[in-house]
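Please keep the sequence and the model in view while reading.

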Amino acid sequence: TECEKEPGSLLWIFVMVGNIVRGMGETPIMPLGISYLEDFAKAENSPFYLACLHTATVVGPFLGLLLASFCAELFVDIGSVGADEITITATDARWVGAWWLGILICALLNLLVGIPFWFLPKSLVKEGETNEPEETSEKSVAPLQENDKNGAKQTIKHHTNSWHYVIPDFIPFLKALFHNPVYMLFICITVLQFSAFDGMISFMPKYLEQQFGKSASDAIFLIGVYNLPVLCVGYFSGGLFMKKFKINIYQAANIAFWVSLLEYLLYFAAYWTVCDTSPVAGLTVSYQ
């Protein structure tokens with residue numbers, strides 16, 4: 001009999017568009033958040049604040065993996081299929097967890113967490129400094145108002161030609177960045193580090209399932225417990241270390257180099273930790 005082709009679903013487009021919108025909303029957090037901290041924090045406190053920010057970015061995936069572990073134990077059609085009608089378990093290769101449930105929960109939390117950002121002030125008093133006296137601020141009100149009016153008129157006048165001013169300044173600046181060897185080296189290192197981390201997150205759960213017979217929920221839980229808390233400790237302790245000893249940028253670069261070299265040497269030792277391949281009919285063993 002010929003195989004019957006079932007009609008495909010286009011619902012994946014909604015998931016793709018949702019991830020694009022989510023990325024657009026999450027991307028400004030790091031560059032704008034770091035600039036916000038750098039502008040209004042003391043130089044000796046800035047590394048500690050940045051460490052707290054990066055620690056929070058690791059705590060989020062850790063909690064997400066715990067949520068994914070919980071959702072993976074639930075059947076994908078939860079709510080529409082009774083528990084007595086499910087004849088397979090979570091360790092079965094045909095099991096599909098409720099992946100969509102975590103997306104809905106995270107979307108709701110992102111909406112609630114994003115509301116306080118509307119109330120952040122546009123400008124803050126730099127840490128360690130005091131506000132200007134009231135007399136000085138009152139004297140400066142009139143000139144400021146005049147400057148604001150003149151600036152508003154110029155903005156309205158040149159609003160239609162704003163792209164003619166942005167593009168000529170942006171292209172040379174971008175070209176200068178691409179010709180900066182330190183910046184490009186940092187970009188390459190960042191790409192390699194995130195590629196390794198994303199590869200581990202993507203393929204390690206399936207490896208644990210195949211080699212150690214773990215369910216999808218257990219594999220996700222183990223990855224979150226064994227990896228992300230250690231990263232949190234590293235970020236936080238590194239920020240405290242730089243704050244306490246007032247490490248400058250050159251000293252920080254040397255420390256990062258030697259620590260990264262030690263990290264890669266430890267990862268290289270993983271080549272000698274080889275597990276026996278599980279027998280798979282038709283691949284490693286015959287069908288008989």
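In which helix is Met16 found? Met16 belongs to helix H1, which covers residues 12-26. The model is a predicted one, in which local features need pLDDT of at least 70 and side-chain atom pairs count only at pLDDT 80 or more, while totals for chains, interfaces and linings use all residues. Residues are numbered from 1 along each chain as its sequence is written, and side-chain values use heavy atoms, with hydrogens and water left out.

The secondary structure comprises 10 helices and zero strands. Here helices (H or I, at least four residues) and strands (E, at least two) are DSSP runs, numbered from the N terminus. Along the sequence, the pattern is accordingly written α-α-α-α-α-α-α-α-α-α. Of the 288 residues, 12% count as buried; buried means under 20% relative accessible area, exposed means over 50%, and partly exposed lies in between, with a 1.4 Å probe and protein chains only.

Met16 has a relative accessible area of 40% and is therefore partly exposed. Met16 also takes part in a nonpolar surface patch, together with Leu10, Leu11, Trp12, Ile13, Phe14, Val17, Ile20, Val21 and Met24. The accessible area of this patch is about 1,100 Å² in total, as given by the Shrake-Rupley method with a 1.4 Å probe, where for residues only the protein chains shown count as cover. Patches are made of residues with over 30% relative accessible area and no salt bridge; like charges are joined within 9 Å, and nonpolar side chains (Val, Leu, Ile, Met, Phe, Trp, Tyr) within 5 Å. A salt bridge is a side-chain nitrogen of Lys or Arg within 4 Å of a carboxyl oxygen of Asp or Glu.

Lys42 lies in the loop between helix H2 (29-40) and helix H3 (46-72), and its relative accessible area of 32% makes Lys42 partly exposed. Lys246 is located in the loop between helix H9 (216-245) and helix H10 (249-268). With 60% relative accessibility, Lys246 counts as exposed. The phi angle of Lys246 is near 50°, a positive value in a residue other than glycine. Most residues other than glycine have a negative phi.

The aromatic rings come next. The structure holds five aromatic pairs. Rings of Phe, Tyr and Trp (its six-membered ring) pair if their centres lie within 6.5 Å; planes under 30 degrees apart count as stacked, over 60 as edge-to-face and the rest as tilted. One of the pairs joins Phe48 and Tyr49, tilted at 55° between the planes and 6.0 Å centre to centre. Phe48 is buried because its relative accessibility is 19%, whereas Tyr49, at 28%, is partly exposed. Another tilted pair is formed by Phe241 and Phe245, with 4.8 Å centre to centre and 45° between the planes. These two residues are four apart in helix H9, so about one helical turn separates Phe241 from Phe245. Phe241 is partly exposed at 39% relative accessibility, and Phe245 is partly exposed at 49%. Phe48 and Tyr49 also form one aromatic cluster with Phe236.
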